[in-house]
Amino acid sequence: MNRTTSTILGVLLLALVARDAVAQWNVARFKTGRNLVYATAGLDPALVTAVGYARVIELVGHDFQFNIEGGLAAAHMDTRDFRARAGIGTSLLRWRSINLTGSATFNTRGTENLIYRGFDFGADFTGALGVYRHGWFAAADFGKDKAIITYVTQSDWYRTHYYPDAKDGWYLDAGGTFHYGLASGVALGPAEVTLRAGWLRTEKWDDMLPPMYASMGLGVRF
Amino acid sequence: MKRLRWLPLALGGLGVTACETMMPGDPGNLVPPTVAEDSRLPAIEMNGSRFHAQFFGNPANPVIVFLHGGPGGDYRSMLRLSERFNGYSLADEYFLVYWDQRGSGLSMRHGKELLTLAVYSNDLDSLVNRYSPGRPVILIGESWGGMFATSYINDHPGRVAGAVLIEPGPLDGATAERIKPDMFDLDLTSEWLNDYAWNSGFFTADDYARMDYERMLGLRDAQPLFHEDRVNPLPVWRLGALASRYIQKDGQDERGVSVYDFTANLAAFTAPVLFIAGSWSEVLGPSLQQQQMLRYPSATLQVVEGAGHDVAWVKTPEVLTLIKGYLDARKGSIQ
């Protein structure tokens with residue numbers, strides 16, 4: 001019970017203090033426009049397309065970008081494989097054009113595949129260090145995406161042909177990946193084009209399939 | 001304050017839920033427990049490990065050792081070959097030895113250090129010496145099991161009296177490299193591959209249960225050119241993901257190119273070998289086996305119509321008839 005209680009408290013806290021997605025966007029342009037609509041597409045970790053909205057809000061004299069985002073697995077536009085995110089990101093430290101940014105995102109994901117139907121709640125924390133100018137940015141980022149609690153319903157196919165006693169229910173601590181890579185972007189008037197790519201590792205630092213992520217984003221500030 | 005009325009309800013709901021949470025790595029939740037986790041399963045101790053194993057027939061009879069597919073599969077589907085069809089069972093005349101290879105099926109799991117071709121060969125040699133001391137055995141291998149049988153025959157030709165190889169995989173690295181593009185459907189937009197990738201947001205392969213569970217995702221759709229039955233699929237209890245990965249890696253160089261050769265010493269094995277293939281099977285089917293049988297000094301190929309790579313599962317009576325015919329013809333040499 002201690003472990004499960006603390007995990008649930010963790011989920012709630014993450015939801016309350018959420019921060020993210022800033023690794024994909026240029027913190028130097030927060031004052032250019034307070035609102036950002038964007039779309040991303042790429043391998044993350046499956047082929048995914050997502051659309052989102054972000055708004056920069058000043059709190060105690062500091063700019064924070066809050067965002068919400070929804071995405072679908074793009075292969076055959078499978079609506080059973082989806083994710084929704086809400087996050088916040090900001091520049092944590094700045095020296096001239098060099099910024100250390102931090103973001104945190106609350107994730108919820110769904111899937112339906114050959115062996116199970118799943119729905120999870122998780123979080124992603126990412127830090128990025130790089131040069132952020134008004135017209136462009138380039139940064140290295142590192143983060144962790146954690147599936148904190150997952151509800152699983154085993155498929156009839158799996159039960160019928162393979163394992164009839166497979167258990168449905170809430171699974172704790174079922175998944176987690178580290179990600180590290182590069183992010184960069186250029187501004188074209190009010191628009192930003194960004195690229196983000198890197199490598200994925202399991203929590204025990206083992207390699208994964210696919211071993212990497214890559215996504216392209218297009219956003220417009222206003 | 002009115003807006004927060006939902007909060008106790010939500011917290012209560014989460015609390016109730018929290019009492020019923022499970023850990024994915026606990027035995028029996030996602031995948032069946034192994035013999036190391038469930039003492040009721042039939043098992044043998046050997047070479048510092050515990051293997052899931054079953055036996056049929058009279059131990060005094062000549063021994064047939066079954067070698068399942070994979071690497072990383074199990075013997076569940078091959079059990080049909082022990083059943084009685086048309087009034088005949090192999091167990092009437094032979095002692096049948098079924099076992100899940102190290103780290104596979106319901107056998108005990110091990111780290112990658114103990115998942116090598118040399119360890120596998122030593123396990124099979126120990127099994128042969130335990131159940132057929134001083135008398136050569138018959139090997140029946142399916143897919144990877146056919147490769148494993150060939151590897152063992154190559155190393156110990158005097159310990160084998162005969163072999164039935166059901167659609168064996170590539171017997172050397174060059175062949176493996178040649179057919180590699182056809183082995184898996186790696187189209188980036190394919191449903192199974194995206195499901196596999198998307199799964200990492202839910203389960204990551206950081207313990208044996210999760211990695212074996214993840215492995216099941218590709219069972220039906222990853223190898224379309226194998227033309228296996230999708231309605232009545234070839235069953236397994238549990239895949240051994242780590243065994244699959246590291247046994248294959250052990251046959252590759254540091255660039256991931258297959259360099260193994262299980263055929264270098266096959267000239268020393270003069271007993272006839274029976275190859276069996278399903279007519280629909282495109283990758284490991286008749287055309288490949290026509291080439292592979294030439295690696296043996298004496299071999300014949302029988303093609304079963306109307307079956308894919310899972311020929312022994314979907315056409316068991318026909319395959320059993322072929323095996324019986326082969327064994328009957330070899331009776332003088334294997335008693």
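Two residues are in contact if their C-beta atoms, placed from the backbone, lie within 7 Å. With that term in place, I turn to the structure, which is a predicted model; local features need pLDDT of at least 70, side-chain atom pairs count only at pLDDT 80 or more, and totals for chains, interfaces and linings use all residues. Residues are numbered from 1 along each chain as its sequence is written, while chains are lettered from A and ligands numbered from 1 in the order in which they are written.

Let me start with chain A. Among its contacts with a separation of 6 or more, 58% are between residues 24 or more positions apart. Its secondary structure consists of two helices and ten strands; here helices (H or I, at least four residues) and strands (E, at least two) are DSSP runs, numbered from the N terminus. Read from the N terminus on, the order of elements in chain A is α-β-β-β-β-β-β-β-α-β-β-β. Of the 222 residues in chain A, 45% are buried. A residue is called buried if 20 or more other C-beta atoms lie within 10 Å of its own, exposed if 12 or fewer, and partly exposed in between, with C-beta atoms placed from the backbone.

How confident is the predictor in chain A? The pLDDT, which is the predictor's confidence in each residue from 0 to 100, has a mean of 87 in chain A, and 88% of the residues there reach 70 or more. Over residues 1-21 of chain A, however, the pLDDT is below 50, although this stretch has 47 contacts in the model beyond near neighbours in sequence. Where pLDDT is low, the predicted coordinates should not be read in detail.

Two backbone details in chain A deserve attention. Most residues other than glycine have a negative phi, and most peptide bonds are trans. The peptide bond from A:D44 to A:P45 is cis, with omega near -10 degrees, and A:P45 sits in the loop between β1 (35-43) and β2 (47-59) of chain A. A:R96 is not a glycine, yet its phi is positive, about 50 degrees. The loop that holds A:R96 lies between β4 (78-95) and β5 (98-112) of chain A. Is A:R96 buried or exposed? A:R96 counts as exposed, because it has 8 C-beta neighbours inside 10 Å.

I now move to chain B, which has eleven helices and eight strands. Buried residues form 50% of its 335 residues. Of the contacts in chain B with a separation of 6 or more, 75% join residues 24 or more positions apart.

Helix α3 of chain B, residues 144-155, is my main example. Eleven of the twelve residues of α3(B) are buried, so this helix is largely enclosed by the rest of the structure. Among the buried residues are B:W144, B:M147, B:F148 and B:I153. Which elements cover them? The cover includes β3 (63-67), α2 (117-131), β5 (137-142) and β6 (160-166) of chain B.

The helix α2(B) has buried residues as well, namely B:L117, B:V119, B:Y120, B:L124, B:L127 and B:V128. The elements they pack against are β1 (43-46), β3, β4 (95-99), β5, α3 and α7 (241-250) of chain B.

Chain B also has its backbone details. B:S143, in the loop between β5 and α3 of chain B, has a positive phi of about 60 degrees although it is not a glycine. B:S143 is buried, with 24 other C-beta atoms within 10 Å. A cis peptide bond joins B:G70 and B:P71, with omega about -5 degrees, and B:P71 is placed in the loop between β3 and β4 of chain B.

Next comes the nonpolar core, a set of buried Ala, Val, Leu, Ile, Met, Phe, Trp, Tyr and Cys residues joined through C-beta atoms within 7 Å. The largest such core has 114 residues, and B:I64, B:V65, B:F66, B:V97, B:L139 and B:I276 have the most contacts inside it. If neighbours within four places in sequence are left aside, the contacts of B:F66 are B:Y75, B:M78, B:L96, B:V97, B:Y98 and B:I140. A second, separate core of eight residues includes A:F30, A:A128, A:Y132 and A:A183.

Finally, the two chains meet: 37 residues of chain B are in contact with 42 residues of chain A. On the side of chain B that touches chain A, α5(B) gives the most, with six residues.
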